[in-house]
Amino acid sequence: MSFPPSRIFAIVIGLLVAAVVILLLRVVFDFPPASTGASKPEGGPSRTVIGGPFTLVDHNGKTVTERDFAGRSMLIYFGFTYCPDVCPNTLTVMGEALNKLGDKAASVVPILVTVDPERDTAEHLKEYVRHFHPRLVALTGTTDQVADVSRKYRVYYAKVRPEGAGEQEYLMDHTSIIYLMGPDGQFRTHFSHGIDADGMVRRLKDHL
Ligand code: NI
């Protein structure tokens with residue numbers, strides 16, 4: 001069986017076009033999807049990606065780890081006490097949500113992890129937490145300990161010093177997300193910046 005040269009040429013061109021189209025599909029649409037090896041739950045980051053072990057110091061000066069919160073859910077937020085608005089607003093919403101949650105609130109520990117351990121000492125945090133919720137736990141540590149827990153929770157932060165400001169007059173640019181971690185220490189869900197207390201209560205009830 002033999003093909004005329006023009007037929008062979010057409011087949012070769014056709015195959016080339018098909019190869020280019022498949023390559024483009026792979027590049028543009030990631031098609032077929034590349035296998036990642038691990039399956040992720042739909043609609044959120046993988047449970048294994050956010051959170052993990054930490055060693056920090058609470059606002060009473062006691063060293064704590066994630067094991068101290070095992071068996072209870074953690075509502076965990078990263079911020080700093082010198083934050084002018086975002087952090088106090090978020091902590092207020094967290095406190096209100098827990099007050100509205102009823103009996104289930106007892107199984108939830110609200111936690112603030114400072115991203116400004118230089119200024120947020122345990123003594124300073126102790127004065128700060130009582131403005132928001134009687135059970136709010138504030139955690140600080142060495143800069144390395146804070147960097148470690150922030151990395152595990154995928155929290156970004158950076159010092160921002162306005163021009164002309166003094167050495168201690170900096171602000172912290174930081175991620176503003178509240179995480180709900182389950183009694184097993186695993187990520188359950190997150191609440192984005194701007195959620196109100198009622199919205200948080202509704203979503204918390206789905207997960208507690
Ligand atoms: Ni803030």
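**Packing, metal site and aromatic contacts in the predicted model**

The structure described here is a predicted model. Helix α4 itself spans residues 143–152, and its buried residues are Val146, Val149, Ser150 and Lys152. Seen down the axis of α4, these buried residues fall within an arc of 160 degrees, so they line one face of the helix. The face of α4 turned away from this buried side carries the exposed residues Asp144 and Arg151. Just after the helix, Arg154 takes a positive phi of about 55 degrees.

The largest nonpolar core of the model has 50 residues, and those with the most contacts inside this core are Leu75, Ile111, Tyr153 and Met200. The largest share of the core, seven residues, comes from helix α2. When residues up to four places away in sequence are not counted, Leu75 touches a series of residues that includes Met94 and Leu98, Val108, Val109, Pro110 and Ile111, as well as Ile178, Tyr179, Leu180, Phe191, Met200 and Leu204.

A nickel ion is coordinated by the SG atoms of Cys83 and Cys87 and by the NE2 atom of His174, at 2.1 to 2.3 Å. Along the chain, the donors of the nickel ion follow the spacing C-x3-C-x86-H.

Five aromatic pairs are found in a search of the whole structure. One of these is formed by Phe78 and Tyr153, whose rings are tilted, at 5.5 Å centre to centre and with 45 degrees between the planes. Phe78 lies in strand β3, whereas Tyr153 lies in the loop between α4 and β6, so the pair ties together parts that are 75 residues apart in sequence. Both Phe78 and Tyr153 are buried. Tyr179 and Phe187 form an aromatic pair that is edge-to-face, at 6.1 Å centre to centre and with 70 degrees between the planes. Tyr179 is buried, with a relative accessible area of 4%, and Phe187 likewise counts as buried at 4% relative accessibility. Phe78, Tyr153, Tyr179 and Phe187 form one aromatic cluster.

Thr189 is placed in strand β9 (residues 187–192) and, at 10% relative accessibility, counts as buried. The side chain of Thr189 is joined to that of Arg203 by a polar contact of 2.7 Å. Leaving aside neighbours within four places in sequence, Thr189 is in contact with Ile178, Tyr179 and Leu180, and also with Arg203 and His207. Tyr179 and Leu180 are also among the residues touched by Leu75.

Leu208 lies in the segment after helix α5 (197–207), and counts as partly exposed because its relative accessibility is 28%. The C-alpha atoms of Leu208 and Ser73 are separated by 8.1 Å, although these two residues are 135 residues apart along the chain. Not counting residues up to four places away in sequence, Leu208 touches Ser73, Leu101, Lys104 and Val108. Val108 is also one of the residues in contact with Leu75.

How values were computed
Residues numbered from 1 in each chain as written. Predicted model: local features only at pLDDT ≥ 70, side-chain atom pairs only at ≥ 80, totals over all residues. Heavy atoms only, no water. Donors = N, O, S within 2.8 Å, 3.2 Å for Na, K, Ca; no water. Core = buried A, V, L, I, M, F, W, Y, C linked by side-chain atoms within 4.5 Å. Buried < 20%, exposed > 50% of the residue type's maximum accessible area, 1.4 Å probe, protein only. Helix = DSSP H or I, 4+ residues; strand = E, 2+ residues; numbered from the N terminus. Contact = heavy atoms within 4.5 Å. Arc of directions from axis to C-beta. Polar contact = N/O pair within 3.5 Å; in protein donor to acceptor, adjacent residues only side chain to side chain. Phe/Tyr/Trp six-rings, centres within 6.5 Å; stacked < 30°, edge-to-face > 60°.
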